[in-house]
Structure formats: structure tokens, C-alpha cells
Amino acid sequence: MKPSGYNSRYGMFASFSDDVPEGKFQFSASDDILALGFEARCGSEILRGYVPPEDSTAVAALREAGGSLVGKTAIDEFKICSFGMTAECGVPRNPYDPDRCCGGSSAGAAAAAATIPGHVALASSSGAGINVPASFCGVYGLTPTWGRVSRHGLIDYAGSCDRIGLMSADPADFRKLLPRISFRDPRDPSSMAQPDLDLGLGAPKSVAVFKDWEWMVSKEVRPIFENALAELGDKGVRVDAVELPSLRYAVAAHRAIAAAEGSTSLARYCGLRYGRQDGDLSLGFDEYFTNMRSEHFGMAAKFASVFGTYVRMMDVRGSYYMDAVAVRGALVAEFKRIFENHDAVVLPTVPTVAPRFDEIKGLGLQESEYVETLSLPHGLAGMPHVTMPCGYASGMPVGMQLLADHWKEGTVIAAAEAWSKSFKTIKPGAVK
Amino acid sequence: MKIGLEIHVQLPTKSKLFCACPTSGDDLPNSRVCPGCLGFPGFKPTLNRKAIEYGLALAKMFGCTIPEASWFSRKTYFYPDLSRHYQGTQFAAPIGSNGTYALGKKKIRIRRVHLEEDPGSIRRVGDGSALIDYNRSGVPLVEIVTEPDLSSPAEARRFLADMLRDVRRTLGMRDDGDRTVRCDCNISVGKERCEVKNVTGLRNVERCLQYEAVRQTRVLKAGGVVERETRNYDEGRKITTSARKKGYEDDYGYIGEPDLGVFRPRAMAESVCATEMSSDIVGRLVGDYGLDPKVAEQIVHTSCRMASLFTTVADATDTETSRYWVMSVASDHKDALDAISDAEFGDVSVIAADLAVKQKAGEITDTECAIRMGCLLGGEDTPECSVARGNLEEIINRLIDENPGVLGDYAKNEKALNRIIGLAMRETRGAYSSSEVVLTAKKLVEARL
């Protein structure tokens, strides 16, 4: 089937092409990753018409590796939300149940990886953006260490959180392709400090799990993850319960940091130079850009702009932004302590399976945060992690995630490969 | 009266602060831009190392504290010349803080020295619309912020002139008048201060401060209250006008720039040479060499290389010889001295000291010394001199014969003698000292009158 066929069924593409050359493999990129020949709207109407002048480093590297880019996948507006329902191009449908969401922000990427045979998706995250959709759509999702994959050509939301990663139904793709997109790139200074990628690391022999994880997940996820832990134990992996005291501040800290940075990143969109530029030019500048932003930003971008601006204002930055930065430091320290005695941490990826659209409609902003609670601690700490399907609850996939210390992508990839050897993935449509 | 200045100077880097676009060259609007300095989504800033080194050189010159770690911040405001609507600047961790500048005997405290990017420029056109040129977008600036230690507009101007001279020397910039300096001027006559934004050039700084001093004094004398506010300077009308009241401080919502990370200025500063402030050099010439303060100032203000040459030569000979040598021999070659590289200047200093020693010992004449100096700086081979000491009187007599008009001219104006002196000098190529040539020429011409 051609991309158009998949797209009409699942709506995962922001833009695509049906006649791209075969290539060694086909891949997609989420719509915030620049690629020549494709518009980059980053889920927002305000960027309609932005055709980037060059490839992002990651896309160029995968093309170099023989990949052929079939399209740009739908993402939440500026990767802000976590259900995959705010993209300007429409809402992708979960391959396991069209009445359920794919999860966000990299919603389309997960749907593509789950449905298109042999497909590899370049995806992005500014917190839980790879974890959540990969878990909801039953695929493997890799989020490398912050600074591992060049962000040159990644439209930024929160620079200190934004990362590019991979999604695939087969984790062997990570071993094959992560080295192709991991290198020091002078065009993204944050990639210059990375040590060499070591894929020789073995799967973890001892893992830690948060002590109270049972209370943090739904009753359908609980037994499945319990089974997964037992299976790890059977394979000779030591499983210990540990505490992560700052866990409970992680979501709030992430909201403050991401929105603070995000509101500055979003400041540039004013309806001039790129994207939508069709406002009333007879207006003064202030009125012009206010109109353009009011009209073409979605609620996600507007909320992030207002909230993010507030938390960095002089009077309150001490108790919001600066406190959040302190929490981030504490999280890194707490994780480092865990890694002194453990190779990795395992957790359920999301506390629930993908919710139905009608369930999400009733959720307020705070009520929907639960989706990210188990991803944001290491989302903030910048540590590499992988999510993998570990079971199915009423026909919907459940994800288990594994994270390791900074720069140890080798550990999480080995873990995913080892898991995939014994875990039997059930393809969408085949689940009873 | 208290005056504090915030001075912006463009740094002479070849490329911009956060991208590789050239800082000068084609002046066609928007010809020196890239997706980075136009703020296109997806493009990350990269840091210009040279700009940091320049900033550190200035921080060292002011004797600032240089932090272990430093970073850039995003200063967010909406204005069309600012392509990303945030300016890359330094907020919490400037590369220099708590320095001083010696204005003669007075110490002016320097609160901070930090780097930032220039926005683009706006040109308003007749029909009420505006055109934006992003060529300047991202050009590195250094901002130098003083404490309110200046006490008069004249002193502020003198401070600016002296300090900028030192800044330009440190940065290896040519003196381009005061074209590249922009100042925010804070002034209070009573309790409350006003800030006059974006004043260009030394003369305007002094004028705007004078205007403000008078205005604030009048307000206070009339029993009024000076309101804290930002004002603009109207260069044409030479007045300041209220821009906006400051009910609250500007709030730019600074946050750390996540795309550039942290850099280590203190480690970098180790390899950056500190230049001496000119007032320190004057002090050293007076203190260590017993030079007259006026002469010392004259030498330093002519060129700091001249001052350096003075000390090298004085170390090899003595103060008086060196003073004479620098003021009468080297000063003719000021521009050439300023134009050569540091390494070349080092070589020239050594050779110059050697020439001065020989001249003092009478081994060569002052004339030869000057000729050799000229050749040295002109990159020519030093001519062979003082080989054949022909008969000076014979030569001058012949020259008078060849130029009989000199005699009549000399009767009217003694300066006519210079023609004969010049010809004799050229012909004898330094074999005789200038005083010998002058005396002989004078004697022989006067003998014929």
C-alpha cells in the first residue's frame, strides 16, 4: 500500500509523497523535523507554507544511509500536548482502535511505525513525546540522550528538553540507524559534547523500579506490567524497588521549564518571513502580529505562550522557573544515585492504554497530565530510554519503558532487542 | 549629579555572534543573512569564539572578575528588527563584573561587561510603512555598564573618549570617529534618575546629558518631581523627550539559552592578553621613567605603541634619549607603526633600541637613525650609510652653485635653507648628523650673502 492508502485509513501524515524512490528502507519524519521538498508546519496553522531551505541533520543522515523519505507525520502543535489531537492536519487514529488516540506529541510517527511494514519513523519529544505514542500504538520507541542526535533542523519548543529519536516495530532498526544519526554536528552546539556511541553494552542485569508504581497505574496496566517484571526476573535480571523523591515534582517542573522556553521559541511567529504571511499589512506591527497569532496559533501554543511567559516574569520566576530548574538538578542527582547500583530503571510507560476520544474530551489540562507522569522525570533529566510493548489489555497495547544513565543508549537498545526476542507483538487488527 | 552609562560597541569579528554571516561587506539590504539570523524555525545558534575572546580582553582590561561558567540568555520582546523576538544576551552571568576604569586619578567603577547580539535595522519609508534590513542582525556587541560614578556631562564625554580609545586598542580597531558607539545614559540631579536610550556618538552623549541636567534642575527648582522614566534624544532639536514612564521595571522574562549551553570564560581568559589602560601606561611612564606627565600623556595618546617603543628604548638607553628618539624620530612613522602586526612590532622595537644605543654612542648619526627607521617600517633594505665621509663643505658649496636662487630666497626667509639641507641630506644618506648639515649649510650660505 502507498502512503496515501495508509493515510486515508489512519491520518498519520501531515504531508507525504506516493512516488518516492524505493531506497534501502523507507522512513518518515515528524513534522517538526525539516526536510527538503516538504512543508514543515509543526502541527500549527501559523507555519502553513513554510518550506525549509534545507534538510535537518537527522533527515540528511538517513537519506545518506540509503533511506527514502515518504512523508512528514502529524504531531501535536509544537509538540505541546500528549494525545496527538492538536495537529493542524487532523487527528491520527490509533491503529488498534480508530476511536482511540495515538498519543502525542509524535502521534503520526507511532501510527506509521505500527502499520507500514518495515517503516522507520524519525520522531521527536520535548518530554514524553516519543514514549506516549509508541506505547499507545504498540511499537518500540527510542529517545536518545539529550545532545546525542543533532537538533539542527528540529523546530524547537523547549530546547533543553527537545530530542529526536526513532520508532519502529523492530528494535533492530535502532542498532542499525541510531549510529547514522548520532554524531557531533557543529550546527547544533549541544551535540558537540557527546562521547562516542557505545553499542557494545549488554542488556541490563539489574534494574530498579519505583517503589509505588502500582498506585500510579490503572488496574488494567498493573497485572501486565507485573507479568513483565516477573519475566525479567525469570531471565535472571535482578529487580529492586527504589525511591525517586522528586518524582512528584517532575510534571510541574517540566511544565514550567518547557513552557518558559517554549514561550520564547514561539515568540518568533508573527506572520512575517515564513509560514502564514497573509495578514492585513496596513495595521501597525503590534496589531498585525497579535492578530496573526490569535488567528493561527491553536490553543496549545496560546496556552504555552501565556503560561510560559508568566513563569519567567521577574516577580515569580524565583518560585516557578528557578524552582523547576532546581527540581531538574535534583532529579538528575537522584537518578545518578540509582545508576550507581543498577544498570537501568524499568517502569510502565503510561499509566493507561490509549484513551478513547470521547474520554479525552472531558479531561481538563491537569487531568490529562497523568499520561506523562512516568516519562517526565527522565524527560527532564535528559536520559536515554526505550519503550516497548509488553502486553495487551482489552485489545490495546501496554508499554514498558527502560531507561539508563546518560549516553548509555547501548544499554536500552540491548534491552529492547532482548525483549523483542521473546515478546510476541500482536499486529493491529489481529488483537482479539 | 550622578551619571552612569551603558555603552554598546560593535566587536570587529569577521562573522556574526551566532552564525557565519559576514559582519561587513555588501551593504545591499538583507544580503548578509542566513536562516539563522533571520530566525527561521529549526536553525540553532552557534557561538563565535572570537567574540568571547574580545569580550574577555575588555573584561581583563577593566580588571573585572571573570566567572568560572557563563552562558547566554534570551531577552524576549516583540519588535520587528529582532528576528526571533528574543535577543541573545548575557543576564545572570556576564563575562566580566566589578571592574574599574581610571579616568586620570578618578576611578570609575565598571559594573559589568557582557556580550549580546545587535538586532537588524529599520528604515521608515514615506508611506508609513517600514523596511527591515537584517544585515546587522546578530552582529556581536559588547555592553559596558558603569556605576553612576560620573559627575558631569563633560566628564562623561572625557571618560567615553578615553575609554573608547583603550577599547579600540584592545580590540585592534581603527579609530573611526565615534560612529560605532551607542549609549544609554542614566542621569539624576536629585533622587530619581532618567534613562536616555540609544544616543549615538560622544558629542550627542554630552549634549543630551547637558540638556537633561538643565531640565531636571529646572523641574526641581520649580518644586516639581523628576519622574523615573525612559527618554529619547532628538538629535535634530537637541532635546530629550519622554518615551515611557517606568511604573515598573522592564520585564524581559530572561531565561537561559538552552541551545548554546555553558562555556568557561575563566579558563578561556588565560590565553587572552590583558591590555593596560592608557592612564596606567601614563602613570608607569611618569613613575618608572620620570617622564613629564604632559609628555607621557602626549606619547600615550599619540599611540600606545609609541609608549611601548619609548619604554623599550629607554630601557636600552635612558629617559632623555628615548624621549628625544620617540618624539623626533619615531613620531614621523606613527601610522606605519600602528599598521604593522604585533610580531613585526616586536622586531621593530628590538632594532629601534639597537639604533638608539648606537646613536647615543655616536656610532651613527641621528639622520642615519631616522633613515634606517623609515626603511625598517617601509620594509626596504637599510641602505649602507656613513661609508664615505666626503667633504661636506664641498658638497654643500656645489649644491648652492646648482641652486643659486636659494641665496636670494634666504635673504627674505631663512626657511629657504631647507632646500639645500634636504638635498645635502639625501646625497650624503646619513653620513652626517642633521645638526652638522644644518650648521654647515647655514655657514656657507651666509658667507655668500
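These questions and answers go through a predicted model with chains A and B.

Q: What makes H5(B) and H7(B) roughly parallel to each other?
A: Look at the angle. The axes of H5 (residues 278-289) and H7 (residues 304-316) of chain B cross at roughly 20°. Angles under 35 degrees count as roughly parallel. H5(B) and H7(B) are therefore roughly parallel. Their axes come within 11 Å, and H5(B) passes H7(B) in a left-handed crossing.

Q: Which residues make the contact of H5(B) with H7(B)?
A: H5(B) gives B:Ser278, B:Ile281, B:Leu285 and B:Tyr289. H7(B) gives B:Cys304, B:Ala307, B:Phe310 and B:Ala314. By class, seven are nonpolar, one is polar and none is charged. Tyr and Cys count as nonpolar here.

Q: Why do residues three or four places apart in an α-helix point the same way?
A: An α-helix has 3.6 residues a turn, so residues at that spacing point the same way.

Q: Which residues of H7(B) and H10(B) meet?
A: From H7(B) come B:Arg305, B:Ser308, B:Leu309, B:Thr312, B:Val313 and B:Ala316. They meet B:Phe345, B:Ser349, B:Ala352, B:Ala353, B:Ala356 and B:Val357 of H10(B). The contact divides into eight nonpolar, three polar and one charged.

Q: How do you know that H3(A) is largely enclosed by the rest of the structure?
A: Count its buried residues. Helix H3 of chain A spans residues 107-115, and nine of its nine residues are buried, so H3(A) is largely enclosed. They are A:Ala107, A:Gly108, A:Ala109, A:Ala110, A:Ala111, A:Ala112, A:Ala113, A:Ala114 and A:Thr115.

Q: Where does A:Ser105 lie, and what kind of peptide bond joins it to A:Gly104?
A: A:Ser105 lies in the loop between strand E3 (67-73) and H3 of chain A. The bond between A:Gly104 and A:Ser105 is cis, with omega about 10°. Most peptide bonds are trans.

Q: Which residues of H2(A) are buried, and what do they pack against?
A: In H2 (residues 57-64) of chain A, the buried residues are A:Thr57, A:Ala58, A:Val59, A:Ala61 and A:Leu62. They pack against strands E2, E3, E4 and E6 and helix H5 of chain A. After H2(A) comes A:Gly66, with a positive phi near 100°.

Q: Is B:His85 buried or exposed, and how do you know?
A: Buried. B:His85 has 21 C-beta neighbours inside 10 Å, and the cut-off for buried is 20 or more. B:His85 therefore counts as buried. It lies in the loop between strand E3 (73-76) and strand E4 (86-89) of chain B. Its phi is positive, about 60°, although B:His85 is not a glycine.

Q: Why does B:Asn98 count as partly exposed?
A: B:Asn98 has 14 C-beta neighbours inside 10 Å. Buried needs 20 or more, and exposed needs 12 or fewer. The count falls in between, so B:Asn98 is partly exposed. B:Asn98 lies in strand E5 (residues 96-103) of chain B. It also has a positive phi, about 55°, although it is not a glycine.

Q: What makes B:Asp335 exposed?
A: B:Asp335 has 9 C-beta neighbours inside 10 Å. Exposed means 12 or fewer, so B:Asp335 counts as exposed. It is found in helix H9 (residues 334-339) of chain B. B:Asp335 and B:Leu377 are 42 residues apart in sequence and 9.8 Å apart in space, C-alpha to C-alpha.

Q: How many residues are in contact between chain A and chain B?
A: 35 residues of chain A are in contact with 24 residues of chain B. On the chain A side, H7(A) supplies the largest share, three residues. That side has 20 nonpolar, eight polar and seven charged residues.

Terms used. Residues numbered from 1 in each chain as written. Chains lettered and ligands numbered in written order. Predicted model: local features only at pLDDT ≥ 70, side-chain atom pairs only at ≥ 80, totals over all residues. Axes fitted to C-alpha atoms, helices over the stretch in contact; angles between N-to-C directions. Helix = DSSP H or I, 4+ residues; strand = E, 2+ residues; numbered from the N terminus. Parallel < 35°, antiparallel > 145°, perpendicular 65-115°, else oblique. Left-handed = near helix turned anticlockwise from the far one by under 90°. Contact = placed C-beta atoms within 7 Å.
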